Amino acid sequence: MTIELEIVQDWRVFATDHSLAGVALSGDDTVVSWSDGRETAFHRFFLRDNCPCSQCYLPLTREQLFEVTDAPADLAVHSAAISAAGDLIIGWTDGHASRYAPGWLRAHAPDAQSRAERHAARAQPFIWGREYADALQSFDYGDIMADDGALWTWLSALKSSGLTLIRNVPVEEEALLGPIARISHLRETNFGRVFDVKSKPRADSAAYTSVNLPAHTDLPTRELQPGVQFLHCLQNEATGGESVFVDGFAIGEAMRKHHPGEFATITTTPMAFWNRDDRTDYRWSAPAIALNDEGDLDEVRFANFLRGPIDAPAEKMGDIYAALRLFQAMTRDPKYFIERRLAPGDMWAFDNRRVMHARREFDPQTGSRHLQGAYVDRDEINSRWRVLSRQLGEPC
Ligand SMILES: [Fe+2]
C-alpha cells in the first residue's frame with residue numbers, strides 16, 4: 001500500500017474545513033473521527049463502491065467503471081490509516097487499495113448530523129405572495145446576454161423564487177431565443193418550438209382564445225411538465241389580458257400548515273389531465289402537489305381546463321373533493337397574486353412546475369395582443385447554473 005494512490009478528481013471542489021483525526025474498524029464499518037469531534041461510520045461497501053482510483057473511475061469521463069457486485073461478498077477492510085497528506089487509505093482483503101480525500105468523505109458522510117446539515121444547506125425556495133410584487137426581481141436582457149455573472153445571478157433568482165422578469169428584450173419575433181441560447185436548448189412541444197399566444201379563430205387550446213384563464217401550469221398532461229416558461233411580450237394594446245402569477249409552493253405550504261388533512265390528500269391523489277384534438281391525445285395523472293423523498297414541495301401540476309374525471313375509490317371522493325375545492329379556492333385568493341400588465345420588450349421567465357399563471361380576459365376588438373412563449377426544462381437551468389457556479393467559484 002502506498003500513499004501515492006491516485007484519485008480521479010471530481011468536477012466539484014470540496015470544502016476542506018475538517019480534517020481526519022482518527023480511524024478505527026468496527027464490524028462492517030470504518031469509523032472516522034473528525035477534527036471537530038464528529039464521528040462517521042462508513043460501510044465497507046460504501047467505501048469500496050466509491051473508490052476513486054483510475055481502475056474504478058475512468059479519468060476521461062470521471063464516471064464509475066467498477067460495479068460493486070464484482071467485489072467478493074466477504075470483502076473487508078484489511079487496513080485503515082491516515083496518510084501524511086491527511087487522506088484516508090484503505091487496504092482491502094482482496095488486495096485492492098483506495099485513497100479518499102477528507103473533503104470528499106465529509107461531503108458524503110452518511111451520519112445523521114452530516115446528512116441533516118446537507119439537507120439544511122440545500123437552497124430553500126423563496127416563497128412569496130402578493131407582498132412580493134414590489135420587490136419582484138427584474139433583469140436586463142443586455143446584461144444576461146453579455147455577462148456570465150449576470151446570467152448566474154438571474155438563474156439563481158429563477159431557481160429561488162421561480163419568477164423573474166427580463167426587461168429590454170428586443171421587440172422582434174423569436175428574440176426570446178437569445179436568453180434561451182445562453183442557457184442551453186429549448187423544449188419543443190406539439191405547440192411548436194416557439195408558440196404564439198394570441199387569439200386564433202380555430203383555437204386548439206384555451207390559451208389561444210381571449211377568455212379568462214384560471215391559474216394553471218402548462219402541459220400538466222405530460223409525464224414531465226416543461227420546467228421554465230418564457231413569455232415575451234411583442235404587442236399588448238388590447239384591454240385586459242394582465243398576467244397573474246401564483247406561487248404554488250406558497251399554497252402548498254399554507255395547506256400543510258393550516259389544512260394537514262387536505263394537504264395529505266392533494267399530495268397523494270392522482271389527478272387526470274388531458275389535452276386532445278384531432279391529431280394529438282396527451283394524458284397524464286399525478287397529484288396536484290408532489291413532494292420529494294424528504295417531504296419537501298417538489299412540483300405543482302394543475303390546469304382545471306385540462307382535467308379529466310378523478311379515478312379514485314368511491315369512498316374517498318368526499319375527501320378528495322374537499323381538498324380540490326380548497327386548493328382551487330386558494331388559487332383564486334388575491335393574497336397570493338402578483339399581477340402585471342406586460343409592455344412590449346418585457347419577458348417573464350417562471351418555473352412552470354411551481355408557479356401557476358393566469359391571464360385576465362381581454363377584448364381582442366380593442367387592439368392586438370401578441371406574446372411569444374417557449375419552454376426550457378429544469379435540467380437545463382440546473383446544469384447551466386452548476387457549471388457557471390463552478391466557473392465563478394460558487395458552491396454547487
Ligand atoms: Fe399557460
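Student: Which elements do the buried residues of H7 pack against, and what does contact mean here?

Tutor: In this predicted model, where local features need pLDDT of at least 70, side-chain atom pairs count only at pLDDT 80 or more and totals for chains, interfaces and linings use all residues, the buried residues of H7 pack against strand S15 (243-247), H8, strand S18 (289-291), strand S19 (297-300), helix H9 (317-331) and S22. Contact means heavy atoms within 4.5 Å. Residues are numbered from 1 along each chain as its sequence is written, and side-chain values use heavy atoms, with hydrogens and water left out.

Student: Which residues of helix H7 are called buried?

Tutor: Helix H7 covers residues 248-258, and its buried residues are Gly248, Phe249, Ala250, Ile251, Gly252, Ala254 and Met255. Buried means under 20% relative accessible area, exposed over 50%, and partly exposed in between, with a 1.4 Å probe and protein chains only. The names helix and strand are given to DSSP runs, H or I of at least four residues for helices and E of at least two for strands, numbered from the N terminus.

Student: How do you know whether threonine 265 is buried or exposed?

Tutor: Its relative accessible area is 17%, which is under the limit for buried, so threonine 265 is buried. Threonine 265 lies in helix H8 (residues 260-266), and, leaving aside neighbours within four places in sequence, it is in contact with Asp319, Ile320 and Ala323.

Student: Which residues are called donors of the iron ion?

Tutor: The iron ion is coordinated by His216 (NE2), Asp218 (OD) and His357 (NE2), at 2.1 to 2.2 Å. In sequence the spacing of the donor residues is H-x1-D-x138-H.

Student: What does the pair of histidine 216 and histidine 357 tie together?

Tutor: Histidine 216 lies in strand S12 (residues 213-216) and histidine 357 in strand S22 (residues 355-359), so the pair ties together parts that are 141 residues apart in sequence. Histidine 216 counts as buried because its relative accessibility is 3%, and histidine 357 is buried as well, because its relative accessible area is 8%.

Student: How do you know how S1 and strand S2 pair?

Tutor: Two strands pair if DSSP finds at least two bridges between them, and six bridges join S1 to strand S2 (residues 29-34), so these strands meet the definition, and they run antiparallel. In S2, the bridge partner of alanine 24 is valine 31, while that of serine 26 is aspartate 29. The hairpin of S1 and S2 has two residues between the strands, and in it glycine 27 takes a positive phi near 60°.

Student: What makes strand S1 and strand S3 edge strands?

Tutor: The open sheet has three strands in the order S1-S2-S3, with antiparallel pairing. Strand S1 (20-26) and strand S3 (39-43) each have a single partner strand, so one side of each is left without a neighbour in the sheet.

Student: How many bridges join strand S16 to strand S17?

Tutor: Strand S16 (residues 271-276) and strand S17 (residues 281-286) run antiparallel and are joined by six bridges. Alanine 272 stands opposite serine 285 in S17, and a hairpin of four residues joins S16 to S17.

Methods: Donors are N, O and S atoms within 2.8 Å of the metal (3.2 Å for Na, K and Ca); water is not among the atoms, so sites may look incomplete.
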